[in-house]
Amino acid sequence: MTNRSDKTPPSFVCLATNTLNDASRRRFLIGGGLLLAFAAVPKGRGAVADTKIPGPDNDPYVALGGFVRICADNQISLIVPNIEMGQGIYTAEAMLIAEELEVDPGKVHVLTALPQETSDISPDLLKSLSTGGSRSIRKGWLPLRQAGASARLMLLAAAASRWGISVADVVAENGIVRDTAGRHQATYGDLATDAVKQPVPNPVPLKEPGRWKLLGQSIPRVDILAKVTGQAVFGIDIRVPEMAFGAVMACPVLGGKVRSIDARRARAIPGVRDVINIGSAVAVTATSYWTARKGLAALDVVWNDGANASLSTDQVRQILRDAASHGTPVMAHDDGGMDAALAEGKKVERAYDLPFLAHASMEPINTTIHVRPDGCDVWVGTQVPTRGRDAIARVTKLPIEKVHIHNYMIGGSFGRRLAVDSLEQAAGFACQLSYPVKFIWSREEDIRHDLFRPAYHDRMTATLGDDGLPVAWIHHVTGPSVVDRFSPGGLPQGTLDRDAVAGAVDTPYTLPHMRVMWTRADTPVPVSWWRGVGPAHNAYVVESFMDELAAESRMDSIEYRRRLLSHNPRSLAVLDLAAEKSLWGQSLPPGSGRGVALHNAFGSHCAVVVEASVLPTTAIQIVRVTAVVDCGMAINPDSLIAQMEGGLLFGFSAALYGEITIRNGCVEQSNFHNYQLMKINEVPRIDVHIINSGAEPGGIGEVGTVSAFPALGNALFAATGKRFRRYPFRISDEADTSDPT
């Protein structure tokens, strides 16, 4: 990512960026235009009906809600409730609004909603802004279309009233309203002031699928122009007047604190402004980032390592195994008759170990912040601007209405920016300063002080009937609670963390007797959500174990799964198509194999077949990947394919190389040389096939990642005959016998 820190944010709005001058967004002006949102149960316009606030280039418009903004010059802005971080959400959500509004999404401005602008707006979709869990389209599918339809109907009503004709005799198309007789025509901008006086339709009729012009079609992403011309603004690009740069360092030992600092050498470096200590970390501010880094390196810091000074990966593993053996599990699902079912047939027991994983997104953590006695401005890329605003208010002790979050595109996140720890840290530093500072974490800081995907220890037990199929199935998950960090006051002991069992309870299969339980095992390593969340962990275990059961029953892996899918036609359909398109069953050269994975996660059904080979150097080569997905309605098929490809590669990188290890309380990995990602020459051929089932849309951003681990692991078994029940996969390792106890 190019650091454009020498540029100030432009004062205009680029396509699909949030580069509108933020100060002007908060000024109230008088003028004409329309700002409309729609909730499932519309509230009265009330006091906001006549509010005027500026549009792009300070063009004013009338405020009625929060999704559609139309200025008098016919400039149309679509306000989307989620942040763009590479997943294409600006395009997909703009398509939902534009379909019903009858505008070209390539000719409108797309802005992300900001919490200070939406806190008093009626739509529930804007009350708490967050992007994660592949929920954006699922949450916005109905209200965003309703917003566009409402705006269009109000514009039609305004035109009919102005021209003295029936609303049935006017139509909208490409930002223009005209009458069917061809006598009158007006732009949306011409009608905006009149439209705001029209009642909000209730109920709102939506187009039938047969009339859709955009939905289901592949269109170019609306942020392409801004990105290829360098006008797209990411959090790390921001520069504000009188801003300094801050370099940050926390204790290398997890949880350690500052004991003492000698800052004399750092302060002597020309350009260094301040040295700040907040106990958990230190920062140096300077006139440039590299000067700040030099100052940070010159600090003489003595750390208090604390209780984790001797922590190791082996100790963490022992914590998990001890909890699995002696802890008290919380039941997530338990069918009756389990004890009797366990006594029937052949018993199979296996255990799987999963490592800590870092997010390692291309754009490292950064926050630009200015704390003043009368307020605070924060320029950042965050998945949770509302939660971030609350956190900043707590740290600064400012009233919430005095904190303004300015949210920008994110250069990759994968769940890292669902947490607000870096915002809290930046606010703690900024409270001691009078000027704005851009705090940037180095790549080393970003990896070593990440909030990691938890390590897990999973134990699986099944009994098989005479037909080789499961009679009883037990999945025992042991690991930390991610939800604990995000729950007010933490997750009470004895309460189920549903993310820990997501993908374990809701498997695609019909299993006669199933028990799923979770034992909480908190470790000293900080954890958070990671792309794929619970299903990325549990689908790996479920699909690996399912493959082992097929092998125990001497049955083809796909045929084994088919026999468990009689009540799941959508999963059966994706599995069958994946088998066909991957040429499943055709012979492969020695040292090669195909593996399959199936899951229902994020409201989508997906089957992936991986063809892999083991090279003479014991290196793993992924040759070909066939993915079939049924996510209901595919809004933009091209974007869906891109998300599947990216998600698969993200998962393969972790499956091949991803592992965070701890030694003497410190994270051993620090940069891409020892936390490796796949290289371009390792990328396989990936074929993505879409089944449009007509159901409501499911999520897609994390679906490929969930599939990658088990499909590759099962392919390696087919290629080598050895099972590897932990990753990263290394052919040089001995076969894993994994005693469950």
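This is a predicted model: local features need pLDDT of at least 70, side-chain atom pairs count only at pLDDT 80 or more; totals for chains, interfaces and linings use all residues.
Biologist: How many aromatic pairs does a search of the whole structure find?

Modeller: The search turns up 13 of them.

Biologist: Which cluster do Y727 and F729 belong to?

Modeller: One aromatic cluster holds both, together with Y352, F414, W530, Y540, F650 and F709. Y727 and F729 are buried as well (under 20% relative accessible area; exposed is over 50%, partly exposed in between, with a 1.4 Å probe and protein chains only).

Biologist: What makes R453 count as sitting over the face of W530?

Modeller: The rule asks for NZ of Lys or CZ of Arg within 6 Å of the ring centre and within 35 degrees of the ring normal. R453 is at 5.9 Å from the ring centre of W530 and lies over its face, so the charge qualifies. R531 does likewise with F650, at 5.5 Å.

Biologist: What makes strand β5 (residues 76–80) largely enclosed?

Modeller: Five of its five residues are buried, so the rest of the structure largely encloses β5. In a regular strand, side chains alternate between the two faces of the sheet. In β5, I76, L78 and V80 on one side and S77 and I79 on the other are all buried, which leaves both faces covered.

Biologist: How do you know that β5 pairs with β4 and β6?

Modeller: Two strands pair if DSSP finds at least two bridges between them; strands (E, at least two residues) and helices (H or I, at least four) are DSSP runs, numbered from the N terminus. β4 (residues 68–71) and β5 share three bridges in the antiparallel sense, with I70 partnered by I76. β5 and β6 (residues 109–112) share four and run parallel. Both counts meet the limit, so both are pairings.

Biologist: What makes β15 and β16 edge strands?

Modeller: Their open sheet has five strands in the order β15-β23-β22-β21-β16, with mixed pairing. β15 (330–334) and β16 (346–354) each pair on one side only, and that makes them the edges. Neighbouring strands in this sheet are turned by 10° against each other on average, direction ignored. β16 meets β21 (residues 456–464) over nine antiparallel bridges, among them K346 with L464.

Biologist: Which strands does helix α16 lie across?

Modeller: Helix α16 (residues 533–552) lies across β16, β21 and β22, at about 145° to β16. Axes are lines fitted to C-alpha atoms, for helices over the stretch in contact (heavy atoms within 4.5 Å). Angles run from 0 to 180 degrees between N-to-C directions. Helix α9 (residues 313–326) lies across β16, β21, β22 and β23, running at about 40° to β21.

Note on methods
Residues are numbered from 1 along each chain as its sequence is written. Side-chain values use heavy atoms; hydrogens and water are left out. Rings of Phe, Tyr and Trp (its six-membered ring) pair if their centres lie within 6.5 Å; planes under 30 degrees apart count as stacked, over 60 as edge-to-face and the rest as tilted.
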